[in-house]
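The sequence and structure come first.

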Amino acid sequence: MSDTRRRVKVYTLNEDRQWDDRGTGHVSSTFVERLKGISLLVRAESDGSLLLESKISPSTAYQKQQDTLIVWSEADNYDLALSFQEKAGCDEIWEKICQVQGKDPALDITQDPIDESEEERFEEIPETSHLVELPPCELSHLEEIADLVTSVLSSPIRREKLALALMSEGYLKKLLGLFRACEDLDNREGLHHLYEVVRGVLFLNKAALFEVMFSDDCIMDVVGCLEYDPALVQPKRHREFLTKTAKFKEVIPITDSELRQKIHQTYRVQYIQDIILPTPSVFEENFLSTLNSFIFFNKVEIVSMLQEDEKFLTEVFAQLTDEGTDDSKRRELVNFVKEFCAFSQTLQPQNRDAFFKTLANLGILPALEIVMGMDDLQVRAAATDIFSYLVEFSPSMVREFVMQELQQTDDDVLLINVVIKQMICDSDPELGGAVQLMGLLRTLIDPENMLASTNKTEKTEFLSFFYKYCMQVLTAPLLANTAHDKNSKDFQEGSTKINPVCPDNFQTAQLLALILELLTFCVEHHTYHIKTYIMNKDLLRRVLVLMNSKHTFLALCALRFMRRIIGLKDEYYNRYIIKGNLFEPVINALLDNGTRYNLLNSAIIELFEFIKVEDVKSLIAHIVDNFYKALEPIEYVQTFKGLKGRYEQEKDRQSQKLTRFRREARSLDEDEELWFNEDEDDDDAEALDKSRVEDDYSDGYGKYMEAKKGAANGANNGKAAALPPTSPPASPNNSPTSSVKTVALPASPVVKPPVVGLVDYPDDEDEEEEDEDDEEEQSPRKRPRLSS
């Protein structure tokens with residue numbers, strides 16, 4: 001048998017009863033030695049790989065649908081379909097299948113599927129009973145017909161036989177003719193029977209019947225029959241809606257009559273499925289799988305036909321971006337593109353890839369930039385939906401466009417800045433559009449979907465672009481609503497939530513919460529860029545002003561932002577928090593909340609619990625030194641006592657470490673005295689001894705020992721130097737906080753608790769100066785301690 005190649009798409013039905021595209025190739029029918037029979041082979045047109053190898057089994061039921069589809073099942077729950085580009089190719093392969101099975105090619109199905117549970121009953125059916133015997137198609141027999149159709153639904157075999165009977169001699173069209181007669185006679189009983197008949201025929205789930213029912217001359221009669229549900233007192237007016245209310249708008253005239261007919265048919269069948277038919281029960285949910293397939297393949301065909309018509313799409317985008325296009329026309333064009341993108345969701349990934357590349361080449365993104373800035377709310381909403389399709393499909397494509405766009409336009413009209421402004425200016429009280437746009441922005445700035453890019457520098461380049469040109473637009477409402485005098489008057493003792501700085505408007509509070517959610521995402525996923533921005537703008541201080549908001553959800557968003565920063569356990573952030581005394585507004589909020597046991601209370605306590613459990617030493621020292629007096633009365637949790645305990649443990653550890661150094665220092669004094677009494681020839685031994693001492697101690701304490709040795713040399717009698725009676729004056733910038741006080745120490749090694757820092761001994765002055773020279777020189781003064 002000679003091979004005949006035809007271009008096809010291979011589909012398989014997944015678990016969700018949706019068709020998955022397995023690829024495009026050319027089909028042939030040939031004898032395969034391994035399978036011992038004539039088989040269907042599909043080789044991919046891209047690389048020649050084998051997409052399908054299926055033996056034509058004599059017992060397999062093949063169905064031909066819509067002139068270009070062949071559907072069959074190879075195993076339980078494994079359905080296959082070949083979608084042909086040309087009807088001629090479908091007919092030729094169908095003839096080959098029928099030839100192998102010895103069937104008439106005029107039929108649309110080669111076998112009657114046999115359910116295993118019905119095999120025994122099927123064997124008992126006489127060979128002469130090939131079809132179900134239908135009552136005469138007359139008004140007087142409508143009840144009998146309805147009972148017959150309803151009774152066969154539980155039996156797969158009888159469903160198949162009834163479908164074949166209905167297709168013979170135009171019986172189905174005669175039934176629909178009876179509908180018009182019943183309606184003219186106002187025969188409600190007959191109309192109710194016809195409702196049951198048509199509903200039952202739909203549940204037969206046969207593509208050949210659908211082809212007849214959904215044809216132009218029959219579909220409105222089908223809709224009419226479904227209006228007369230016996231459960232309703234008055235019939236629905238579905239035909240009136242489809243013919244008068246629903247208007248088909250051609251934004252650009254469609255010259256292809258087949259395409260126009262396909263669009264009408266798809267809309268009406270979708271209406272029948274979604275609106276008219278009742279929700280199928282658990283037992284009926286598989287009855288309409290072929291109807292789903294019918295709609296699916298129709299949408300695929302519509303998208304393909306439109307996509308191939310380059311003149312049509314070029315004209316759509318030309319009018320969309322033309323300044324002379326009036327608003328109503330532009331609204332229709334945007335809605336068309338939105339519907340076009342929605343249909344594309346039925347395409348498989350590789351086809352959807354080609355679809356969106358076609359739109360990109362036609363200028364979809366520049367067009368969106370124009371329409372998203374328009375005043376028409378409907379146009380902006382539709383444009384947002386289109387943008388969401390593009391971002392969901394390929395964030396990299398959008399990122400590439402906006403970075404190239406920078407070279408051609410001003411910052412204000414960058415696409416991302418237009419999107420941010422739409423989010424900020426959303427007039428919806430519930431901010432539905434803003435929430436959608438925020439999600440799209442998060443997708444665009446998410447490094448996770450930049451990793452697989454072929455452009456390895458995409459992450460660095462795009463984030464640098466975003467923080468340079470877009471971040472100030474995003475944070476503008478936040479900075480504007482938290483502007484305040486940075487002196488201590490902002491946080492007076494006994495402060496309340498009546499703060500004129502904080503926005504009391506609910507919509508503004510919601511917007512700020514969205515912005516904070518995006519910034520919190522940045523803290524988690526962007527390290528360098530967001531850290532630099534927070535420091536330069538003193539952003540955390542501005543955010544914590546919102547702890548005073550009367551809207552608890554906004555205060556929680558501000559707290560969550562700080563919690564994410566602390567959760568990084570980055571000492572750079574910790575020093576910033578300590579120097580800015582940024583725990584004060586958080587503790588103010590805790591004290592203002594009083595004894596109320598609510599989410600705010602729990603979230604603040606969890607923040608301090610995290611610091612305690614993770615033993616963040618610098619923050620523990622800062623909190624205990626500055627706020628423990630205010631927090632000490634809180635005893636319903638052990639968090640703050642635990643912080644104090646951690647603080648004391650660290651202080652004791654440092655004290656013991658210093659005592660050990662001092663004890664060993666006295667033994668070194670004796671060595672020094674012996675050294676002064678020895679010959680200069682012992683220099684080598686002294687060098688070895690000194691090397692041993694320096695290896696045992698840390699660098700900081702090594703400096704301390706050198707200072708003692710210098711003091712001993714100045715005494716000329718070889719005696720050890722005494723401890724200085726007081727520490728030298730401390731610089732205001734020596735400590736991470738500005739509230740460090742000079743502490744006098746007695747000559748004996750008694751440790752006095754420091755004011756700031758876990759340890760602050762005068763002997764460590766050199767070490768502190770060396771360590772803290774690397775830190776920033778200026779820090780704000782400590783604010784007044786909170787009252788309890």
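Does Thr-325 count as buried or exposed? The model is predicted, and in it Thr-325 counts as buried because its relative accessibility is 11%, below the 20% cut-off.

## The loop at Thr-325

Thr-325 sits in the loop that links helix H12 (310–321) to helix H13 (327–344). Apart from neighbours within four places in sequence, Thr-325 has contacts with Gln-319, Arg-330 and Leu-333.

## Packing of H11 and H12

Helix H11 (residues 289–308) packs against H12 with an axis separation of 5 Å and an angle of about 80 degrees. The pair is therefore classed as roughly perpendicular, since that class covers 65 to 115 degrees. On the H11 side, Leu-306, Gln-307 and Glu-308 take part; they meet Glu-310, Phe-312 and Leu-313 of H12.

## Nonpolar cores

The largest nonpolar core contains 142 residues. Phe-387, Ile-416, Phe-583, Phe-608 and Ile-611 have the most contacts inside it. Helix H22 (residues 506–525) is the main contributor to this core, giving 12 residues.

Which residues surround Phe-387, leaving aside its neighbours within four places in sequence? Phe-387 is in contact with Leu-368, Met-372, Val-398, Leu-415, Val-419, Leu-440 and Leu-444.

## Confidence

Mean pLDDT for the protein chain is 78, with 75% of residues at 70 or more. Confidence is highest in helix H25 (residues 552–567), at a mean of 96, and lowest in helix H2 (residues 119–124), at 40.

Two stretches call for caution. Over residues 485–501 pLDDT stays under 50, and the model has 30 contacts beyond four places in sequence for them. Residues 707–788 also stay under 50, with 136 such contacts beyond four places in sequence.

Note on methods:
Residues numbered from 1 in each chain as written. Predicted model: local features only at pLDDT ≥ 70, side-chain atom pairs only at ≥ 80, totals over all residues. Heavy atoms only, no water. Core = buried A, V, L, I, M, F, W, Y, C linked by side-chain atoms within 4.5 Å. Buried < 20%, exposed > 50% of the residue type's maximum accessible area, 1.4 Å probe, protein only. Helix = DSSP H or I, 4+ residues; strand = E, 2+ residues; numbered from the N terminus. Contact = heavy atoms within 4.5 Å. pLDDT = per-residue confidence, 0-100. Axes fitted to C-alpha atoms, helices over the stretch in contact; angles between N-to-C directions. Parallel < 35°, antiparallel > 145°, perpendicular 65-115°, else oblique.
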